[in-house]
Amino acid sequence: MSSTGSTDGTGRHRTADRDVRRARGWARVALLMVVGAALVVTVGAGSGGWLVLVGGLAGLAVAGAGLWWALTHRRLGRLLGAVLAVGAPVGVIIMYAASGLWPVAVGGLSLWAAALASARSALRKLRRPRAMRTRRTPRPRRPVLIMNPRSGGGKVERHDLVTRAESLGCRVILIDPDAPTDPGAEAERALAAGADCLGVAGGDGTQALVAAVAAEHGVPFLVVPAGTRNHFAMDLGLDRTDPVRSLDALTDGVELRVDLGDVDGRPFVNTVSFGAYAEIVQSPEYREAKTATALEHLPDLLAGEAGATLDVRVDDTVLHAPQAVLVSNNPYARADPLGGGRRPRLDSGTLGVIGVRVEGAARAAELALRGERAGSITSVTSRRVDVAADQDRIPVAVDGEALVLPTPVVCTLRPGVLRVRVPRRRPGATYAPPSVDWRHIVDLAFNRPWRDPDGEDPQDRGVIDPSVSRPARRTTVERRTPAPSSKEAGDA
């Protein structure tokens with residue numbers, strides 16, 4: 001991640017002005033592409049131009065509704081839904097080909113894709129993520145690395161991590177996969193024996209348990225991405241394809257201060273899931289047959305005929321009976337309820353909350369058309385999330401691990417408590433494209449007052465409001481701090 005400019009006031013404003021000019025240029029290109037797409041559809045297709053637009057939107061909506069039917073029904077209903085989900089887009093393509101409108105459709109879609117890319121480039125100039133602050137610290141003298149040999153399909157053995165870590169002076173503790181082992185207890189014993197750095201080569205669930213011990217004792221924590229997905233490592237900017245590179249942190253490393261999530265006294269580094277996903281992962285068959293298990297349980301869960309009815313409170317926002325809720329340690333860049341995106345930062349001091357409630361095929365069609373801006377999705381941030389239910393205990397998935405917790409379940413965040421030691425030279429987290437809000441693109445293109453849609457002060461990133469002359473006045477963003485709760489406690 002790159003810096004946004006000089007720390008000197010004049011240099012900072014010069015860099016900010018340059019970024020604003022470039023962003024304004026990209027915003028104008030985006031609007032030109034939108035106009036071009038409209039002209040291609042209306043003029044190029046003549047009287048059939050409306051058919052291109054309406055047919056494409058209708059096909060997308062019908063596909064979304066069909067997918068909903070496939071997920072919420074069994075047998076014949078599921079078959080009919082699947083036919084609609086696949087057949088609607090195919091039907092639109094056939095319609096374009098038969099009417100000779102396919103060149104118009106291809107041209108319009110290409111220009112629309114270019115418009116989206118240009119709009120994201122504009123926002124990227126003004127929303128360039130700041131790198132998390134690093135600091136140099138002495139090399140650990142007695143590091144201990146806890147390894148799960150079965151994580152990630154055997155990455156520990158495949159990459160010879162034990163030998164490589166020991167050659168760097170690291171003591172390795174191998175978890176016995178056939179015996180119940182508490183990684184947190186192993187970490188406590190390692191500290192009692194004199195360890196001055198704790199690390200984990202394993203999945204995110206194991207990472208969280210040892211990270212909590214490291215945070216409690218104030219020692220550095222080392223992440224080796226030897227699990228299956230390693231979302232935490234990805235957002236730290238580590239190389240997930242080559243876990244050996246993470247060991248460079250032992251000899252040439254820097255430290256990051258990151259946040260650690262807490263759900264009823266249990267730590268998490270990535271996410272806590274409630275609702276449909278948390279219910280499904282409780283099934284013993286899930287690990288061996290994920291898709292089949294999900295399809296078997298989803299009809300009842302999405303219809304509200306099975307599982308707990310949740311009430312989620314996030315500051316002044318209340319979500320009643322959501323079908324799925326995802327609480328993340330720092331917000332994801334996009335409101336993806338499946339958690340497939342990434343988090344630009346791990347030190348913002350806030351939780352991300354994504355709630356999903358789809359009520360029928362019409363809502364599913366809207367979701368297909370509008371994506372994360374659909375009314376079915378709620379995306380907010382907070383420092384505290386309270387999840388109540390109509391049951392005394394509810395399924396919860398913590399970093400992918402299936403648990404059952406008493407209600408209400410409280411999620412909080414411990415800002416900056418974890419000292420993560422990472423290699424000084426690392427790939428860095430991949431850029432997460434921002435969501436495109438065309439109102440902001442229009443404001444930017446026409447030099448109107450612009451405000452980051454995430455509510456963050458643009459000057460915090462070294463970028464100023466294009467409508468304000470230098471020096472730009474700093475704007476204060478009001479942030480609510482919730483009252484503390486008595487419930488706050490202090491592998492996939």
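## Ground rules

Residue numbers start from 1 along each chain as its sequence is written. Because this is a predicted model, local features need pLDDT of at least 70 and side-chain atom pairs count only at pLDDT 80 or more, while totals for chains, interfaces and linings use all residues, and side-chain values use heavy atoms, with hydrogens and water left out.

UniProt, in an unreviewed entry, puts the feature "transmembrane region" at residues 25-44, 50-72, 79-98 and 104-123. Those positions follow the numbering used here, the feature names are shortened, and annotations may be inferred rather than shown by experiment.

Take two of these spans in the model. Residues 50-72 are 100% helix and 0% strand, with their end C-alpha atoms 33 Å apart. Residues 79-98 are also 100% helix and 0% strand, and here the end C-alpha atoms lie 27 Å apart. Helices (H or I, at least four residues) and strands (E, at least two) are DSSP runs, numbered from the N terminus.

## Around H2 and H3

Arg 75 sits in the loop between helix H2 (49-72) and helix H3 (76-99). Its phi is near 55°, a positive value in a residue other than glycine. For context, most residues other than glycine have a negative phi, and most peptide bonds are trans. Arg 75 is exposed, at 74% relative accessible area; the cut-offs are under 20% for buried, over 50% for exposed and partly exposed in between (1.4 Å probe, protein chains only).

What does Pro 299 touch, not counting residues up to four places away in sequence? The list is Leu 71, Thr 72, His 73, Arg 74 and Arg 78, where contact means heavy atoms within 4.5 Å. Pro 299 belongs to helix H11 (residues 290-302) and counts as buried, at 4% relative accessibility. The C-alpha atoms of Pro 299 and Ala 70 are separated by 8.7 Å, although these residues are 229 apart along the chain.

## H4 and its partners

Helix H4 (residues 102-126) packs against helix H13 (residues 438-445) at an angle of about 70°, with the axes 11 Å apart. Axes here are lines fitted to C-alpha atoms, for helices over the stretch in contact, and angles run from 0 to 180 degrees between N-to-C directions. That makes H4 roughly perpendicular to H13 (under 35 degrees would be roughly parallel, over 145 roughly antiparallel, 65 to 115 is roughly perpendicular and the rest oblique). From H4, the contact involves Trp 112, Ala 115, Leu 116, Ala 119, Ala 122, Leu 123 and Leu 126; from H13 come Trp 438, Ile 441 and Leu 444.

## Two nonpolar cores

A nonpolar core is a set of buried Ala, Val, Leu, Ile, Met, Phe, Trp, Tyr and Cys residues joined through side-chain atoms within 4.5 Å. The largest one has 34 residues, and Leu 198, Phe 221, Phe 232, Leu 236, Val 258 and Leu 418 touch the most other members. Elements that each supply at least two residues include strand S2 (143-147), helix H8 (204-217), strand S6 (253-263) and strand S17 (409-423). H8 gives the most, with 7 residues.

Leu 236 touches Val 223, Leu 256, Val 258, Leu 346, Val 420 and Arg 426, not counting residues up to four places away in sequence. A second, separate core of 23 residues includes Val 263, Val 353, Val 396 and Leu 405.

## Strand S3

Arg 171 is in strand S3 (residues 171-174) and counts as partly exposed, at 43% relative accessibility. Beyond residues up to four places away in sequence, Arg 171 touches Pro 143, Val 144, Leu 145, Ala 190 and Ala 193.

The peptide bond from Thr 407 to Pro 408 is cis, with omega near -5°. Pro 408 lies in the loop between strand S16 (401-406) and S17.

Ala 321 also has a positive phi, near 55°, and is found in the loop between strand S10 (317-320) and strand S11 (324-329). Ala 321 is buried, at 15% relative accessible area. Just after H12, Gly 371 takes a positive phi of about 65°. Within H12 (residues 361-370), the buried residues are Ala 364, Ala 365 and Glu 366.
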